[in-house]
Amino acid sequence: MKQQVASPLTLWYRRPAAQWVEALPIGNGRLGAMVFGGIERERLQLNEDTLWSGGPRDWNNPNAPKVLAEVRRLIAEEKYVEADRAARGMQGPYTQSFEPLGDLALAFEHGDIARGGYRRQLDLQSAIADVRYRIGSVNYVREMFSSHPDQVLVVRLAADAPGMITFTATLDSPLRHDVQSDGDVLKLVGRAPANADPSYYDSGQPPLVYRDDSGMRFEAHLAAAVSGGRTWIDRAGLHVRGADEVVLRLTAATSFNGYDKSPVREGRDAGAIAAAQLKSASAKPFAALREAHVAAHRALMDRVSLELVPATPPEKSPQDLPTDERINTLGAKDLALVGLLFQYGRYLLISSSRPGTQPANLQGIWNAETRPPWSSNYTTNINAQMNYWPAENTNLAELHEPFVDFIERVSVNGHRTAQVNYNAHGWVAHHNSDIWAQSAPVGDYGKGDPVWANWHGGSAWLSQHLWEHYAFGGDVNYLRQRAYPVMKAACEFYLDFLVPNEKGFLVTSPSASPELRFKVAAGGTAALSAGATMDRALVWDLFTNTIEASTILGVDAPFRERIRQTRARLIPYQVGKRGQLQEWAKDFEEQEPQHRHFSHLFGVYPGREITRTGSPAIFAAARRSMELRGDEATGWSMAWKTNFWARMGDGDHALVILTNLLKPAWSTATNYTRGGGVYPNLFDAHPPFQIDGNFGATAGIAEMLLQSHAGEIHILPALPSAWPTGRVRGLRARGGVEVDIEWKDGALRQAGLTSARAQRMRVRVGNGTSEHQLRAGQRTVVRG
């Protein structure tokens, strides 16, 4: 077998995956698979993005307003432990879980020993996974991809000798299911649980509950197009004997018909959808399916390129090493591996979030467990938002749309939660949500820890994404019709919820800094107080974005003035005794000084309030806070820290964090303090796997090269000394400006700015700024 040469955008390995975090992900935004690459037995673990447990329900708590008054009284009396205990009475049920569809297994009859040339790889540029190996004198190849244009998973099996493809394909699922043969189609027919408890919760009852009147229905349909040989299907599987080439097509669908509709009583016909997709895909030859898939993927993937050139080129290209060996031996010293990590995040977003799909969850669209870590849901105290940090600045704006759609759905339910739980106007969201758009506090009515369950900042943080989608794209119709109404309603909740403290400043109460407890004077720890810094930062961000949106649209001047005046009364930032930005209104001591969350620094990133020039003293205090937090953490936390240090303008420190992130993670056991890194397939390790770290790392690398949050385009704001020379093409700045940058010996050579519309823009390079009149569609060159 001819030795393949690795491209810069290829993950490759010399052996099959032995565990799930070694398998390679493919996906079309909706239908995903993890490819293991076994020789004698191939496994493709399957997911469909709407396959969740449960269904719509009432999760609001009519007792919550009475409890809220008591919690506020206890906080005012500084009885924080008692306030925590009381606040549990405001909670609702846990969210539901993202479920695995099943497995497509291929059992070959050529044994498990390849005498040479085994290679398993994923090409990020084409979004095709392939496996190649030799047994005897025969070379075998498999190509696998999940097509967005044709909504089908495709597997091509071939050999360089006739009649050598013999295998049996089977479908299986960890959910309740049946396997059926229907003519030339093998079908997997099943249903999801009516309830799935979170993996961290033991209620004393069965954690997975099936009911006939509830639970998502699903089907997967498999067919084969065979050249040579013979094939047949029975309940034991799809059998192929002595073929020259085989193309398998798999489609899948569920009965999901909307976040507010029962998947049983009001659900879609999953079988009819899967059958129609399979019929359509089967009418096209493999070459046409492949060509359409690659073209659709590259239309997104090719928008951005990144090349980092080391000061001293290595004697041997690191790309000649398998990806797992590069992680183990080189890490971030391998600049091409840094570039691969950057593009991998973009690849994963393309593969897990397309217009019309569900947003990427904690694991994107890839999950093999019926009770996945943290339910593989939408954790909205940072993780769901981090998934979409690279959407705008790495030129994938349309992939933000599923998250925008989701925010609108949560806001609908959040209106009811605000009314029932808080007697408030507007809408509110809490720590967790799911495909059913849960908006109420989780915790099984008192079992959740208030340090996360009672956090109420979801509506403010989610609204930031509505604004950012406008800030980068400039679509005024979108702002008027979709973003602004939801942002305004989020403001309405906080206008009702904010209360004056003893000094007359407006604060939230109760208020938590996720997911960190503080020490109380009488001993012990507590979660809830009044006026946690994160809440203040979120409300400032929400109010400021809404003021700007109202001004742009020329609407609601009285309301705009009301939130402007309310914003002026927010509790100010405070500097604590260690020179740090206080995390709470009082200078409490943290239970865990190096906690993975650093929510009080939201105003640095992803917010825009705290900047070096706009608030230098608070900026310095924020830096001190991060120094106290340390450089080691969980994977996603280190991704956030990379972005923070980029905003600090400290590229070398950002690279320290990125180096810590781009190291091998060996454990999949849950670790809340250490163990962050990447698995052999470059998946981020919390641990266990959590995809937000991949997306956060991609956003962080972009943020090191380009920033635009402070009213100007800042080129190379945090360039590490270890990246002396390089070029990036296609990054995106706020205002709809595409930016290409080329630098050498640590200094800008030139940058090209292409604006979607005519506008005047200030550009910063180093300590100097210049004004430029950008013309729509024309490239403006800025030289170093």
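This is a predicted model: local features need pLDDT of at least 70, side-chain atom pairs count only at pLDDT 80 or more; totals for chains, interfaces and linings use all residues.
In which handedness of crossing does H9 pass H12? The crossing of H9 past H12 is left-handed.

Two packed helices are described by the angle between their axes and the distance between the axes. Helix H9 covers residues 401-422 and helix H12 covers residues 476-497; their axes lie 11 Å apart at an angle of about 25°. Angles under 35 degrees count as roughly parallel, so H9 is roughly parallel to H12. On the H9 side, the contact is made by Val404, Asp405, Ile407, Glu408, Ser411, His415, Ala418 and Tyr422. H12 answers with Tyr478, Arg482, Val486, Ala489, Phe493 and Phe497. By class, the residues of this contact are 9 nonpolar, 2 polar and 3 charged.

Helix H16 (residues 635-647) packs with helix H18 (residues 692-705) at an angle of about 15°, and the axes are 8 Å apart. That angle makes H16 roughly parallel to H18, and H16 passes H18 in a left-handed crossing. H16 contributes residues including Trp636, Ala639 and Asn643 to the contact, while H18 contributes, among them, Gly693, Gly696, Ala697 and Gly700. The contact of H16 with H18 divides into 6 nonpolar, 6 polar and 3 charged residues.

Next come the empty spaces. Rolling a probe the size of a water molecule over the atoms shows where empty space is left. The largest pocket has a volume of about 630 Å³. It is lined by 28 residues, and Pro8, Glu307, Leu308, Gln319 and Ala336 lie nearest its centre. Strand E19 (305-309), helix H6 (335-352) and strand E30 (725-733) each give two or more residues to this lining. The lining of the largest pocket has 15 nonpolar, 7 polar and 6 charged residues.

Cavities are a separate matter: the whole structure holds 9 of 30 Å³ or more. The largest cavity has a volume of about 210 Å³. Its lining has 19 residues, with Trp389, Glu468, Phe472, Tyr605 and Arg734 closest to the centre. Helix H8 (389-393), helix H11 (458-473), strand E28 (706-707) and E30 each supply two or more lining residues, and H11 gives the largest share, 4 residues. The lining of the largest cavity divides into 7 nonpolar, 6 polar and 6 charged residues.

The second largest cavity has a volume of about 80 Å³. Among its 14 lining residues, Arg578, Gln580, Leu581, Glu590 and His600 are the closest to its centre. By class, this lining has 4 nonpolar, 4 polar and 6 charged residues.

Terms used:
Residues are numbered from 1 along each chain as its sequence is written. Side-chain values use heavy atoms; hydrogens and water are left out. Axes are lines fitted to C-alpha atoms, for helices over the stretch in contact, and angles run from 0 to 180 degrees between N-to-C directions. Angles under 35 degrees count as roughly parallel, over 145 as roughly antiparallel, 65 to 115 as roughly perpendicular and the rest as oblique. A crossing is left-handed if the near helix is turned anticlockwise from the far one by less than a right angle, and right-handed if clockwise. Contact means heavy atoms within 4.5 Å. Ala, Val, Leu, Ile, Met, Phe, Trp, Tyr, Cys and Pro count as nonpolar, Asp, Glu, Lys and Arg as charged, and the others, Gly among them, as polar. On a 1 Å grid over the protein atoms alone, a cavity is a set of points where a 1.4 Å probe fits but cannot get out, and a pocket is an open set with protein on both sides within 12 Å along at least five of seven lines; lining residues have an atom within 4 Å of a point. Grid points are joined across faces, edges and corners, and a volume is the space filled by probe spheres set on the points.
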